[in-house]
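Please have the sequence and the structure at hand while reading.

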Amino acid sequence: MEASPTTSAKPILTLTVNPALDVSTSTERVFSGHKLRCGMSRLDPGGGGVNVARVVQRLGGQTLAVYTAGGPTGDAYRRLIEAERIPTLAVPIRGSTRQDFTVDETDTGKQFRFVLEGPELSDEEWRAFLAVVAASIPVGGFVVASGSLPPGVPKDFYARVARLSRECGARCVVDASGPALSAALAEGVFLIKPSLRELGEHLGAALDTEASQIGAIETLVADRAAEYVALTLGEAGAVLASKSAIIRLPVPAVRVISTVGAGDSFLGAFVLRLAQGHPVEAAFRAAVAAGTATAMTPATELCHRADVERLEAELAAAVF
Ligand SMILES: Nc1ncnc2c1ncn2[C@@H]1O[C@H](COP(=O)(O)OP(=O)(O)OP(=O)(O)O)[C@@H](O)[C@H]1O
Ligand SMILES: [Mg+2]
């Protein structure tokens, strides 16, 4: 890893309006009709923005994580995130924080992910969340809005966050899909990190050739929908578009175990390196390194700092 060009990083705020208590376990084989005896279970405080905050923390940075919490699952969630010593603001809701369930099938190496919808937020609740966000946006810093919107939250929620961020001179980063992503792009943001599936859905196009992928992200930048578009391609790496260049990076060769949280890790490392004052090319390398480092860890476990720094250095030394 390159030495940090600045001693004090710019502040980062992460938002998680639909967090999930991640429950993960394993079983020999998933089938119907019988009880499935499972192994040990693991609990993690998940959901886009909180995962980004946890990755930033692991890589030596800090964020303020704003999230919703309600019911007994919300209490458990709060305890888990507090145990990780991440500075947080929890916005209380009446419904119960959702749970996600991941099962690794040990006989086959397959993974089953059950992702629940999340509790409905009332008008008052999402407005209270937005008010907390508005009061917490770091001037000159980064705001990372990541993850799905739960029922009751308007589709332009991230677009509103983007507007508030711009008014405060903060750079807004959005990792979302469907109408929430489209509305944010119509408002204009600093960075988006769609996967191929998410970008294809947004454009209503298959994007099955490299030329169509590059054309699509170049157009978003030219139209000022986003200053940077980092299109992630899973095992095929990622492509970054800015107004001055297109950069493509493959993933370093690693043994892949579970890709849960890879996208959040990508985003966490990207934003942290930018906040630390690194050039965008270096931040992009760190992002691919962190996504890949998370793919090396089991179940919902996120990347380890030593792996990220090793892969980051490998990518910096490689000639593509
Ligand atoms: N199988 C893999 N092998 C190595 N690296 C991977 C793999 N899958 C993901 N990654 C890393 O994580 C990054 C993000 O992955 P991906 O494109 O799957 O996004 P995602 O946000 O996790 O996807 P989605 O939101 O659609 O589930 C990739 O750019 C890559 O660096
Ligand atoms: Mg993703």
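The model is a predicted one.

**Arg98**

Arg98 belongs to strand 6, which covers residues 98–105. Is Arg98 buried or exposed? Its relative accessibility is 9%. The cut-off for buried is under 20%, so Arg98 counts as buried. The side chain of Arg98 comes to 2.7 Å from the backbone oxygen of Asn18. Leaving aside neighbours within four places in sequence, Arg98 is also in contact with other residues, including Pro19, Ala20 and Leu21. Val115, Leu116, Glu117, Gly118 and Pro119 are among its contacts too, as is Ser148.

**Ligand 1**

Where does ligand 1 sit? Ligand 1 is located in the largest pocket. Around ligand 1 there are 19 residues, and the closest are Lys193, Ser195, Arg197, Thr232 and Gly234. Three helices each give at least two residues to this shell: helix 6 (196–203), helix 8 (262–275) and helix 9 (280–295).

| Residue | Protein atom | Distance to an oxygen atom of ligand 1 |
|---|---|---|
| Ser195 | polar side-chain atom | 3.0 Å |
| Thr232 | polar side-chain atom | 2.8 Å |
| Gly263 | backbone N or O atom | 3.1 Å |

Taken alone, ligand 1 exposes 630 Å², and the protein buries 81% of that area.

Conventions
Residues are numbered from 1 along each chain as its sequence is written. Chains are lettered from A and ligands numbered from 1 in the order in which they are written. This is a predicted model: local features need pLDDT of at least 70, side-chain atom pairs count only at pLDDT 80 or more; totals for chains, interfaces and linings use all residues. Side-chain values use heavy atoms; hydrogens and water are left out. Helices (H or I, at least four residues) and strands (E, at least two) are DSSP runs, numbered from the N terminus. Buried means under 20% relative accessible area, exposed over 50%, partly exposed in between (1.4 Å probe, protein chains only). A polar contact is a pair of N or O atoms within 3.5 Å; within protein, one must be able to donate a hydrogen and the other to accept it, and residues adjacent in sequence count only if both atoms are side-chain atoms. Contact means heavy atoms within 4.5 Å. A residue is near a molecule or strand if one of its heavy atoms lies within 4 Å of it. Accessible areas come from the Shrake-Rupley method with a 1.4 Å probe; for residues, only the protein chains shown count as cover. On a 1 Å grid over the protein atoms alone, a cavity is a set of points where a 1.4 Å probe fits but cannot get out, and a pocket is an open set with protein on both sides within 12 Å along at least five of seven lines; lining residues have an atom within 4 Å of a point. A molecule sits in a cavity or pocket if more than half of its atoms lie within 2 Å of its grid points.
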